[in-house]
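Dear colleague,

I am passing on the structure below, and my notes on its sheet and helices follow.

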Amino acid sequence: MRVLLIGANGYIGRFVADRLLADPAVQLTALGRGDDADVRFDLATGSPGALTRFLDAVHPGVVVNCAGATRGGARELTRHNTVAVATVCEALRRSGCGARLVQIGCGSEYGPSQPGSSTAEDAVPRPGGPYGVSKLAATELVLGSGLDAVVLRVFSPVGPGTPAGSPLGRLAEAMRRAMQSGDAELKLGGLGAQRDFVDVRDVARAVHAASLSAAQGVINIGSGRAVRLRDAAGILARVAGYGGVLNELDNPAGPHHAPTPHLAQAHAPSTPHPRATIGHPRPDPDHHHPNAGGTNPAAFPYPDGCGTWQQADVRTARDRLGWRPRINLEESLADIWMEAACRI
């Protein structure tokens, strides 16, 4: 089976490439913007006609699209996540290769959900930010293309290779710095969100299974279990061997409590103490005021526009792909920590 993989150098794409290369029945060709791609092509600026000519020359049986952007403004996200997918769909329609398309979507397409609920594929998507909107638009393009296609809506991928700027990557980096400097106390903000974390290697297994299957439409890929970020922080501290105290600086579930004298002293203007926040950094109006020491910062949002809760219903992946997650969160976090600990 000849597979064309788009975005092989990305976070998910690297593991998909490894998984496909491990299958002796797969002949893999990587297309991307980097110099190490088999074929250099920029989906955001390249024409469908040029991609069609390449498809007709290579004649893949499956096209897997892992390319896309997770950061940037609405224009950049639309270009890399929506326009790029429109190019792929149009090229496949024009081509005579008849390839199956496996598109990587994301849980952000659904937007916020009711705490305690599991989101199934028939939920009405209401993305809470430009990233989710750009990915949802791509999904709709794929579903309306008339192609043999499946969209895997991946929830919160974790594990080796987790970007340092992601919430869990930022958490690991904060812990590494605390251990390096001998801090017995790590102050964290924005830990109230609950997310469905799935290991990136399990995602790669799902992509492999989808490539071989005849399943179409949307399929959720997640663990099926929401985990609070503060619990993930506790697991990370355990696997890292961090013996200090984790102090959460915000209390999303209720009113702020007055800090203890120790905490107040730690935040005094004369002895500023860095704090780690897990969502997108944003200006803190109190941060530069002299009397900010006794206040707690507001909770920072998890940067996917999905509010406080997200949990996938993964029964469709089990029934149609024969897929289940295998790697638990502790192993994923241990791999994140291993990379953070080795960072200079």
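Which residues in α2 meet which residues in α3? P48, G49, L51, T52 and L55 in α2 meet T87, V88, E90, A91, L92 and R94 in α3, where a contact means heavy atoms within 4.5 Å. These residues divide into six nonpolar, three polar and two charged, with Ala, Val, Leu, Ile, Met, Phe, Trp, Tyr, Cys and Pro counted as nonpolar, Asp, Glu, Lys and Arg as charged, and the others, Gly among them, as polar.

Please bear in mind that this is a predicted model, in which local features need pLDDT of at least 70 and side-chain atom pairs count only at pLDDT 80 or more, while totals for chains, interfaces and linings use all residues. Residues are numbered from 1 along each chain as its sequence is written, and side-chain values use heavy atoms, with hydrogens and water left out.

Helix α2 (residues 48–58) packs with α3 at an angle of about 50°, their axes being 8 Å apart; axes are lines fitted to C-alpha atoms, for helices over the stretch in contact, and angles run from 0 to 180 degrees between N-to-C directions. Helices (H or I, at least four residues) and strands (E, at least two) are DSSP runs, numbered from the N terminus.

The open sheet has seven strands in the order β3-β2-β1-β4-β5-β6-β10, with parallel pairing, two strands being paired if DSSP finds at least two bridges between them. Because β3 (39–40) and β10 (217–221) each have a single partner strand, one side of each is left without a neighbour in the sheet. Strand β6 (residues 149–154) pairs with β10 over five bridges in the parallel sense, and V154 stands opposite I221 in β10.

Best wishes
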